[in-house]
Amino acid sequence: MSYVAKTTKYATLVLACLVTLLPISVIVMASLKTNQEFYNTGPFDAPGNWLNLENYVTAFTRGKMVQGFANTAFILLFSVVGTILIGTMAAYAIDRFEFRLKKTVIALFLLATLVPGVTTQVATFQIVNNLGLYNTRWAAIALFMGTDIVSIYIFVQFLRGIPKELDEAATLDGANHLTIYRTIILPLLKPAIATVVIIKGIAVYNEFYTPFLYMPGRDLGVISTSLFRFKGPFGGQWEVIAAGVIIVLIPTLLAFLALQKYIYNGFTSGATK
Amino acid sequence: MAGVSDVVRAEAAGTRNEAGLLPATARKPRGGWGWRGTPYVFLAVPLVLLVVFTYLPVVNMFWYSLTSWDGLDKTKEFVGLDNYVAVFTRPELFRVFYVSLYYFAASFVQMALALYFATVLSFSTRFRNLFKGILFFPYLINGVAIALIFVFFFKPDGTLDSILALFGAENLQQQWLGNPDINNISLASTSVWRYMGLNFVLFLGAIQSIPGQLYEAAELDGASRFQQFRYIIAPSIKPIIGLSFILAISGSLAVFEIPFIMTGGANGTATFVIQTVDMAFESLKVGLGSAMAVILLVIVLVVTWVQRKVVPEEKVNLT
């Protein structure tokens with residue numbers, strides 16, 4: 001490659017990284033400043049004390065971030081386990097059985113992928129309300145489990161690659177379908193389950209719309225809504241808001257660093273449905 | 001419930017088999033592959049959830065959209081197509097379509113950037129994984145966190161104003177989120193920052209699935225980098241670009257988080273979803289809100305139908 005082309009290439013890459021990292025870096029610095037310091041310095045001035053964690057303490061205690069993490073963890077656990085059970089069961093039925101309504105069932109699932117969740121909330125709200133789930137964590141769990149067709153799709157794709165002879169052999173040994181599902185299908189689906197856990201986990205952790213709409217209760221804040229509520233009481237205290245942002249960001253960063261390869265693969269397989 | 005009990009019965013039969021109480025000839029499972037109800041047992045829960053949380057809302061929404069219901073009243077008064085007429089004739093309601101054009105335009109910038117960086121990084125590059133990680137990471141960040149990061153970025157004396165001051169361009173400083181002429185551009189740029197990484201990784205994946213020998217052959221034939229892009233890379237990622245383009249249309253109509261958190265939809269930044277939510281949950285006009293949602297749904301369905309026509313299904317498969 002010519003010298004000019006090479007320079008352009010690296011220059012644009014470095015510029016893109018600056019554009020990505022600069023807005024976050026200034027937030028990191030702001031989160032380490034005292035209130036006084038924040039108002040007397042510009043965004044690019046380094047904090048006086050790089051170890052000033054006072055804002056983080058405030059964000060955690062007065063900002064109810066601990067509760068936010070607890071609620072998110074609760075919802076995350078149930079909706080991820082639920083999605084896996086529902087998705088694998090549906091995939092097992094669709095891939096391994098011939099039945100009269102098979103085409104109809106597949107069409108129902110495929111058609112549902114075309115309906116963007118945000119468009120139907122007006123009516124979904126009434127259903128959640130009538131089921132008595134409004135303002136409980138189960139509203140979010142039910143909605144996260146009920147509408148995940150991408151996971152079913154990932155499981156079906158993966159099941160297709162597992163030879164049918166395995167379950168047939170088990171049937172000859174007298175195993176019933178529940179046993180086959182539990183002892184053969186589920187363990188073999190492990191890689192696909194890992195993918196779904198990652199995609200779903202990130203989606204649930206980041207979801208704002210559902211908890212915002214269905215769980216307005218003071219004690220029901222999740223990560224997203226707790227951080228959103230910072231805008232009120234901490235309106236003038238940007239250094240505390242900044243600390244809240246970083247608190248939310250750190251788990252994502254750690255997950256990304258630890259699971260990079262799986263995350264890339266997961267999103268590529270999830271998006272090309 | 002008959003289905004569940006049958007599974008239990010089959011399980012009992014299975015244990016009996018293992019115990020060898022039945023002759024070998026009877027081993028061919030009676031209820032096994034033969035019982036027609038089995039797949040429905042496995043599909044029961046997924047289908048109930050699908051119907052309750054996807055199909056029932058769609059049907060109800062159509063019905064609400066023909067009424068003047070406020071969301072609380074016991075009775076729903078039928079008003080025919082009045083709500084639809086209102087959406088198309090009241091300019092303040094129709095304006096949201098205009099706002100989504102900003103996001104639609106931004107998605108082209110987003111795809112162009114993603115394509116550029118995917119192409120550049122598909123060739124051997126120093127610190128390749130580091131660059132890839134940094135460019136992708138914003139896509140994983142919590143939307144509320146991103147919105148707050150960019151409120152700070154755009155606020156008076158915030159990051160952007162300070163950058164301008166650094167270069168002596170103070171005269172350009174302004175209300176990036178308040179000025180109705182540019183606030184939608186600020187918001188759409190934030191959206192590009194957030195979503196570019198996903199496009200980039202998808203494009204990169206598509207490019208990397210091209211066999212390496214193709215480039216080697218092209219290089220032997222003296223093809224330049226640009227020619228390699230034009231004749232090898234571009235054709236093989238066409239399907240994924242087509243898909244991204246369609247997603248851009250429905251995506252730009254469904255924008256919510258960024259404008260909602262950053263400006264609350266003030267100063268002409270309200271999007272379709274913000275307005276629908278406002279209508280249905282703040283102003284208690286469930287009928288009107290439903291009509292807007294139905295229109296959005298119809299647009300998305302039409303766009304997807306066009307996509308299926310233009311980009312045949314099997315071509316989108318990358319694996």
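1. UniProt positions are given here in the numbering used for this structure, feature names are shortened, and annotations may be inferred rather than shown by experiment. With that in mind, the UniProt annotation "domain: ABC transmembrane type-1", from an unreviewed entry, covers residues 69-259 of chain A. The model itself is predicted. Over residues 69-259, chain A is 75% helix and 0% strand.

2. Chain A is divided into two domains: domain 1 spans 3-52 and domain 2 spans 63-271. Taken over C-alpha atoms, the centres of domain 1 and domain 2 of chain A are separated by 34 Å. Seven residues from domain 1 and seven residues from domain 2 make the contact between them. On the domain 1 side, the elements that give two or more residues are α1 (3-31) and α2 (35-40) of chain A. The largest share of that side, four residues, comes from α1(A). By class, the domain 1 side has four nonpolar, two polar and one charged residues.

3. For chain B, an unreviewed UniProt entry gives the annotation "transmembrane region" to several spans, among them residues 40-64 and 135-154. Residues 40-64 of chain B are 100% helix and 0% strand, with end C-alpha atoms 32 Å apart. Residues 135-154 of chain B are 70% helix and 0% strand, and here the end C-alpha atoms lie 21 Å apart.

4. How many residues does each chain bring to the contact? Chain B brings 74 residues and chain A brings 70 residues. On the side of chain B that touches chain A, α2(B) gives the most, with 17 residues. By class, that side of chain B has 50 nonpolar, 19 polar and five charged residues.

5. One helix pair across the two chains can be described in detail. The axes of helix α4 (residues 65-96) of chain A and helix α2 (residues 38-64) of chain B come within 8 Å and cross at roughly 130°. Because of that angle, α4(A) is oblique to α2(B). The crossing in which α4(A) passes α2(B) is left-handed.

6. Which residues make the contact between α4(A) and α2(B)? From α4(A) they are A:I86, A:M89, A:A90, A:Y92 and A:A93. From α2(B) they are B:P39, B:F42, B:L43, B:V45, B:P46 and B:L49. By class, this contact has 11 nonpolar residues, with no polar and no charged residues.

Technical notes
Residues numbered from 1 in each chain as written. Chains lettered and ligands numbered in written order. Predicted model: local features only at pLDDT ≥ 70, side-chain atom pairs only at ≥ 80, totals over all residues. Axes fitted to C-alpha atoms, helices over the stretch in contact; angles between N-to-C directions. Parallel < 35°, antiparallel > 145°, perpendicular 65-115°, else oblique. Left-handed = near helix turned anticlockwise from the far one by under 90°. Contact = placed C-beta atoms within 7 Å. Nonpolar A, V, L, I, M, F, W, Y, C, P; charged D, E, K, R; others polar. Domains from an automatic or database assignment.
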